[in-house]
Structures are given as structure tokens and as C-alpha cells.
Amino acid sequence: MATEASDSDVTTYRISVVNRNQQYSCRPDDTLLAGMELKGARCIHVGCRSGGCGMCKIRILAGEFESKRMSRLHVTEAEAQQGFALSCRVLPRSDMVIESDHFKPIQ
């Protein structure tokens, strides 16, 4: 018989959104966007949740993470090297510091 782990047994990381002066906790198996939504926070714009729209574009300032594939249409190679990513494609591996509101409509 499986038992549920208590909240204190679950690893979470602190995600600080500096330009929104907000923080939330995120599990390593949730993307930054999903973790934000699970906590009821509103510090990253939400769009399609799968990397297709670019609405959740952020800049990672500090922290370790793993990234799923992302469209170069929304995050170019040069932008990725500067820390830009789609929060719906990023899994935290440590506490992180990010800034949000980097969505730019495609011309």
C-alpha cells in the first residue's frame, strides 16, 4: 500500500521573480510555469503551456535548471545564451532567480 508523502518530504525550489517582487515554490518535476499556476501565483504570463506561443518568456538570472526543447521562433540561440527561456519548458534543479514579461509578438 502506497502512502502519500507529506509536503515536508517533497523537494521544492524557491523561484524568485525579481521584477514582480514575488516568490513561489516549485517541484523539480514541474515546469516553472506549472509550478507558478499550482501555487496560485500570477507573476509569469500564461499562454498555450506547451512552448508554441512564447507568452511565458522569461530571463533566468541565477540557478540550475533543465530545459525541454523550445522553438527557436520564440527563443533564438543568441537569446538562450543570454538566459532567455520559455517558463513552460524549464524544470528547476535549484533555487532560481528570474525576471518575467519578455513576451514579444512575432512580426
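I take contact to mean heavy atoms within 4.5 Å.

**Ground rules.** I am working on a predicted model, where local features need pLDDT of at least 70, side-chain atom pairs count only at pLDDT 80 or more, and totals for chains, interfaces and linings use all residues. Residues are numbered from 1 along each chain as its sequence is written, and side-chain values use heavy atoms, with hydrogens and water left out.

**Entry 1: Ile98.** I looked up what Ile98 touches, leaving aside its neighbours within four places in sequence. Ile15, Ser16, Val17, Val18 and Asn19 are among its contacts.

**Entry 2: the core.** I searched for nonpolar cores (sets of buried Ala, Val, Leu, Ile, Met, Phe, Trp, Tyr and Cys residues joined through side-chain atoms within 4.5 Å). Buried means under 20% relative accessible area, exposed over 50%, and partly exposed in between (1.4 Å probe, protein chains only). The largest core has 21 residues. Tyr24, Leu32, Ile44 and Ile98 have the most contacts inside it. E1, E2, H1, E3, strand E5 (84-86) and E7 each supply at least two residues of this core. Here H marks helices (H or I, at least four residues) and E marks strands (at least two); both are DSSP runs, numbered from the N terminus. In soluble globular proteins, nonpolar side chains tend to be buried together.

**Entry 3: salt bridges.** I next searched for salt bridges (a side-chain nitrogen of Lys or Arg within 4 Å of a carboxyl oxygen of Asp or Glu). The whole structure has seven.

Arg20 and Asp101 form one, at 3.0 Å from N to O. The two residues are 81 apart in the chain. Arg20 sits in the loop between strand E1 (13-17) and strand E2 (22-26), and Asp101 in the segment after strand E7 (96-99). Arg20 is partly exposed at 28% relative accessible area. Asp101 is partly exposed too, at 34%.

Glu37 and Arg49 form another, at 2.7 Å from N to O. Glu37 is in helix H1 (residues 32-38), while Arg49 is in the loop between H1 and strand E3 (57-62).

**Entry 4: one more pair.** Are Lys57 and Glu79 buried or exposed? Both are buried. Their closest N and O atoms are 2.7 Å apart, in a salt bridge. This pair joins strand E3 to helix H2 (residues 77-81), across 22 residues.

**Entry 5: a network.** Which residues does a network of salt bridges link? I found Arg27, Asp29 and Asp30 in one.
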